[in-house]
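Here is a short report on one protein chain. Keep the sequence and the 3D view at hand while reading.

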Amino acid sequence: MSIPLTVEDFIGTELIYTYDNGWEYELYVKNRDTIDYRIFSGMVGGRWVKDQKVFLDMLLPGVFKLSWSEPTGTDVSLCFMLAEKRTHGTIFFPKWVHDFPAITVCYQNDYIPLMEESRLKYDTYPKFDVSEFSTITFMKNCGANNEKVVAQAPYDGMADDIRSGKLTFN
């Protein structure tokens with residue numbers, strides 16, 4: 001796959017990346033303002049989300065920033081430097097997510113009321129901030145609005161299955 005240089009090129013891209021702290025994520029740029037993602041490992045490994053509204057900006061050709069706020073109260077800002085196969089992300093976890101991460105390890109779309117209830121029930125401050133670089137280990141364009149890309153819960157070895165071509169979404 002050639003490096004997406006414009007927002008239009010970036011839309012439809014599926015990426016797997018591993019943060020320097022070892023956390024592994026998958027993100028699919030579904031369209032101009034929506035992503036789907038799965039978390040394979042880390043504090044909230046096993047979590048997956050569809051139709052997360054985002055702000056998508058091109059900073060330079062091949063360099064993109066996605067930013068969003070989740071129903072948990074978590075805020076994320078993630079910069080993709082595609083030619084370098086790197087990202088830099090900052091995740092601002094509310095205190096409750098850091099203290100009780102298991103509550104969020106689910107298919108979030110089915111548990112929005114629980115996320116909202118937890119956000120009100122537990123402390124949100126101080127935030128637990130994670131600012132990390134990551135390495136992009138997989139990148140493929142699957143086309144815009146492809147509901148097959150993130151359509152099931154993450155499982156052990158799923159990232160390897162995607163990278164090897166054993167699991168495809170086209």
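In which strand is the place of Trp 48? Trp 48 sits in strand E4. Note that the model is predicted.

Trp 48 counts as buried because its relative accessibility is 11%, and buried means under 20%. Asp 36 lies 12 residues from Trp 48 along the chain. The C-alpha atoms of Trp 48 and Asp 36 are separated by 7.8 Å.

## Overall fold

The protein chain has four helices and nine strands. Read from the N terminus, the elements run α-β-β-β-β-β-β-β-β-α-α-β-α.

The radius of gyration is 15 Å. A compact globule of 170 residues would have a value near 15 Å, so the two agree. Along the principal axes, the C-alpha atoms fill a box of roughly 45 × 35 × 25 Å. Of the 170 residues, 47% count as buried. The accessible surface comes to about 8000 Å². Carbon and sulfur atoms hold 54% of that surface. Now take the contacts between residues at least 6 apart in sequence: 57% of them join residues at least 24 apart.

## Nonpolar cores

Nonpolar side chains in soluble globular proteins tend to be buried together. Here, the largest nonpolar core has 33 residues. Those with the most contacts inside it are Leu 15, Tyr 17, Leu 27, Leu 66, Trp 68 and Phe 80.

What does Leu 27 touch, beyond residues up to four places away in sequence? The list includes Leu 15, Tyr 17, Leu 66, Trp 68 and Phe 80. Leu 27 also touches Ile 35, Tyr 37 and Leu 78. Thr 13, Glu 14 and Asp 36 are on the list too. Apart from the largest core lies another core, of 13 residues. Among its members are Ile 16, Tyr 28, Val 149 and Ile 162.

## Salt bridges

Side chains of opposite charge can pair when their charged atoms come close. How many salt bridges does a search of the whole structure find? The search finds 13.

One of them joins the side chains of Arg 86 and Asp 20, at 3.7 Å from N to O. This pair links distant parts of the chain, 66 residues apart. Arg 86 is in strand E8, and Asp 20 is in the loop between strand E1 and strand E2. Arg 86 is partly exposed, with a relative accessible area of 24%.

Glu 24 forms another salt bridge, with Arg 163. Their closest N and O atoms are 2.9 Å apart. Glu 24 lies in strand E2 and Arg 163 in helix H4, so the pair ties together parts that are 139 residues apart in sequence. Glu 24 is buried, at 15% relative accessible area. Arg 163 counts as partly exposed, at 29%.

## A charged network

Asp 51 forms a salt bridge with Lys 30. The closest N and O atoms of this pair are 2.6 Å apart. Asp 51 belongs to strand E4 and Lys 30 to strand E2, so the bridge ties together parts that are 21 residues apart in sequence. Lys 30 is buried, with a relative accessible area of 2%. Asp 51 is partly exposed, at 42%. Salt bridges that share partners join Lys 30, Asp 36, Lys 50, Asp 51 and Glu 147 into one network.

## Cysteines and Ser 118

A disulfide is a covalent bond between the sulfur atoms of two cysteines. How many disulfides does a search of the whole structure find? The search finds zero. Cys 106 counts as buried at 12% relative accessibility. Cys 142 is buried as well, at 8%.

Is Ser 118 buried or exposed? Ser 118 is buried, with a relative accessible area of 3%. This serine lies in helix H3, residues 112-121. Setting aside residues up to four places away in sequence, Ser 118 touches Trp 96 and Ile 103.

Terms used
Residues numbered from 1 in each chain as written. Predicted model: local features only at pLDDT ≥ 70, side-chain atom pairs only at ≥ 80, totals over all residues. Heavy atoms only, no water. Disulfide = S-S within 2.5 Å. Buried < 20%, exposed > 50% of the residue type's maximum accessible area, 1.4 Å probe, protein only. Salt bridge = Lys/Arg side-chain N within 4 Å of Asp/Glu carboxyl O. Helix = DSSP H or I, 4+ residues; strand = E, 2+ residues; numbered from the N terminus. Rg over C-alpha atoms; globule rule 2.2 N^0.38 Å. Contact = heavy atoms within 4.5 Å. Areas by Shrake-Rupley, 256 points an atom, 1.4 Å probe, with all protein chains shown as cover. Core = buried A, V, L, I, M, F, W, Y, C linked by side-chain atoms within 4.5 Å.
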